[in-house]
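Grab a pencil and open the viewer. Try each exercise yourself before you peek at the solution under it.

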Amino acid sequence: MSTLSLASKLSPIRKLKDGSFRLFLTFSIVATLSFILFVVYTLWNDSYFLMSSDLLTKFPSNDPDDVGFQSAIFGSIWVVGVASLLSLPIGILTALYLEEFAGKRNRLTSAIETNIQNLAGVPAVVFGMIGLAFVARGPLSWGFTVGSASVVLAMMILPVVIIVAREAIRAVPPSYRDGALALGATNWQAVYRLILPSSIPGIATGSILAVSRAMGESAPLLLLGALSFVTFNPTGLDSQFTIMPLAIFKYASDSRDEFHYIASAGSLILIVILFTLNLIAILLRDYANRKSRV
Amino acid sequence: MEVGMYDLSQTDRTGSATAEGVSLAPSAHLRRRNLVQKIAVNIMRAGTVVTVVITAGIIFSLIPPTIQLLSEIGTQIFGTSWAPLFIPPEFGLLPLITGTFVIVLIAMMVAIPFGLAAALFLSDYASYQTRRFVKPILEILAGIPTVVLGLFGLYFVNPKLVEKYWPIGESVGYSALGAGLMTGILTLPIVASVADDALSSVPRAMREAGYALGATRREVATKVVFNAGISGVVAAVILAFARAFGETTVALMVAGSYPKLSGNPGDPMQTMASFIGFAGIGDQPTDSTGYRTIFLVGALLFLITLVFNLIGNRIILRYREVYE
């Protein structure tokens, strides 16, 4: 480096290092992409012969020819739906409060922020334990029901919803609020009429990602009896239930090969559901980005 | 935002200052507006209380059973055999701890190089268009449910890779190696996205200074950008570590549920998290020893991940302050 000359070309060794590093990085990305494709291919290879609407309409069974995921799909929709109804409003309101109303950073608000950050990092299975101790048994004693499971998943995704909603709210230009306040609006009017509507695409994107995380999560509900054999759809918050990930888990642990294929088919169904959710989230974000750039 | 708060008290003050018989008291409309704001703010504040309640709930659910069990078993937790649900029960935590660390270390060996490569690629090599394509891929990878990775580990990695090519020991269908690899895939997107955030926020001027000195792109990426963003890279690794630590389903499906004290990654092992899942399936009655064991292991798991998350988030906060 000491004998730097503008006219000199790169030494072959540096050029080689540069090229091979680029190759290494590209390889890593390509390998990551291929891994996803390979997983999907393997699942498909193990289950394409099973693909029919029976998988969606039939119920769990001990007979591999008569198995479907209907109760698991409805169970997942119930549990994740109720969990979203609980956590999205609370999460978005909390985010609005922290961003718009909490005032200057002080001990209290920074303690609350740290707490939320840490909650987002608590292992999922620990939320199952608090659900077991307080909701399914203990003070509430709701048993192993849709209600208990929803509360557990809601607690799990609440910190994630708060974090993504805050980011979306922070992305709204401060001039919006300043303009509203200058025209005599109260803080709440500025938030409700301007900041909230303009951050909705961002909030929606983050919320969908949080909800799809809840839909793919299996660990906390292992502790809440969701691995059971349920041959009916949930009818309410007090119903027994099973969910897609744990139905897959159950068939995967069966020693018979036929059930392994069924587990693969179930995985594909779950992946299709989650990819669709993710795709919606990504498109929404693209839309929001384009809108904000104009 | 303080302007708004100030606004509220202002209205009240003007209200009391009546002059020349014309009431300057806030109109009914204005008062209603302010009331709405007060109610709304209080409802929103209640949301933050919920998060505090959840944390308190976690701590209060973990501590009593843990203390109770610890007072029963005392120093038995330092033993080398873990079989709390058997008769007679054994409570040596060592196999769970080694099992956890073996799997987490293998996971880090996958997640760190691939995750950092992805982060460097995104921050310094990818064009805007490529970035728009690669970012969603990482998000999709992050969105693959753990149970699917567990299934892939159990049906593909264990029988077709570990059993065939791992040279040491006899394969039994479950392996810590398979679980570690799958957990690595799981945590790769975390390393990539946190590190990418850090590396992308390294000021452009530092890169350009590097190029101006005649450095190649690799030299700028590895010697300038990487070093400037190192705290973010460390945070990425710590957060991924914490995530791998708490991963339950993959370890349970791929590494099995036999808490073997072994240093051979080809062996089945049990992690702290997968023990909780395993014992939870068994539906332990409240106040039984099995029930308390779940909470003992859970308390340990919570404590360790808490420490890692605190450190990781603190580092992120610091580099954000430096560059923003």
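This is a predicted model: local features need pLDDT of at least 70, side-chain atom pairs count only at pLDDT 80 or more; totals for chains, interfaces and linings use all residues.

Residues are numbered from 1 along each chain as its sequence is written, while chains are lettered from A and ligands numbered from 1 in the order in which they are written.

**Exercise 1.** Work out what the secondary structure of chain A comes to, and how spread out the chain is.

*Solution.* 
- Step 1: Chain A has eleven helices and zero strands (helices are DSSP runs of H or I with at least four residues, strands are runs of E with at least two, and both are numbered from the N terminus).
- Step 2: The radius of gyration, taken over C-alpha atoms, is 24 Å for chain A.
- Step 3: Along the principal axes, the C-alpha atoms of chain A fill a box of roughly 75 × 65 × 35 Å.

**Exercise 2.** Decide whether A:Leu196 and B:Asp124 are buried, partly exposed or exposed.

*Solution.* 
- Step 1: With C-beta atoms placed from the backbone, a residue is buried if 20 or more other C-beta atoms lie within 10 Å of its own, exposed if 12 or fewer, and partly exposed in between.
- Step 2: A:Leu196 sits in helix 8 (residues 187-216) of chain A. A:Leu196 has 17 C-beta neighbours inside 10 Å, so it counts as partly exposed.
- Step 3: B:Asp124 belongs to helix 3 (residues 94-125) of chain B. B:Asp124 has 20 such neighbours, so it counts as buried.
- Step 4: Leaving out residues up to four places away in sequence, B:Asp124 touches B:Arg217, B:Val220, B:Ala221 and B:Val225 (contact means C-beta atoms, placed from the backbone, within 7 Å).

**Exercise 3.** Look at phi in A:Ser141 and B:Asp287, and say where each residue lies.

*Solution.* 
- Step 1: Most residues other than glycine have a negative phi.
- Step 2: For A:Ser141, though, phi is positive, near 50°. A:Ser141 is in the loop between helix 5 (124-136) and helix 6 (146-170) of chain A, and it is exposed, with 11 other C-beta atoms within 10 Å.
- Step 3: B:Asp287 isn't a glycine either, and its phi is positive at about 70°. You'll find B:Asp287 in the loop between helix 11 (272-281) and helix 12 (289-323) of chain B; with 11 C-beta neighbours inside 10 Å, B:Asp287 counts as exposed.

**Exercise 4.** Describe the domains of chain B.

*Solution.* 
- Step 1: The domain assignment (automatic or from a database) gives domain 1 (2-75) and domain 2 (79-323) of chain B.
- Step 2: Their C-alpha centres lie 38 Å apart.
- Step 3: Eight residues of domain 1 of chain B are in contact with nine residues of domain 2 of chain B.

**Exercise 5.** Describe the side of chain B that touches chain A.

*Solution.* 
- Step 1: 77 residues of chain B are in contact with 73 residues of chain A.
- Step 2: Helix 2 (residues 28-73) of chain B gives the most to that side, with 19 residues.
- Step 3: By class, the side has 46 nonpolar, 23 polar and eight charged residues (Ala, Val, Leu, Ile, Met, Phe, Trp, Tyr, Cys and Pro are nonpolar; Asp, Glu, Lys and Arg are charged; the others, Gly among them, are polar).

Conventions. Two residues are in contact if their C-beta atoms, placed from the backbone, lie within 7 Å. The radius of gyration is taken over C-alpha atoms; the globule rule is 2.2 Å times the number of residues to the power 0.38.
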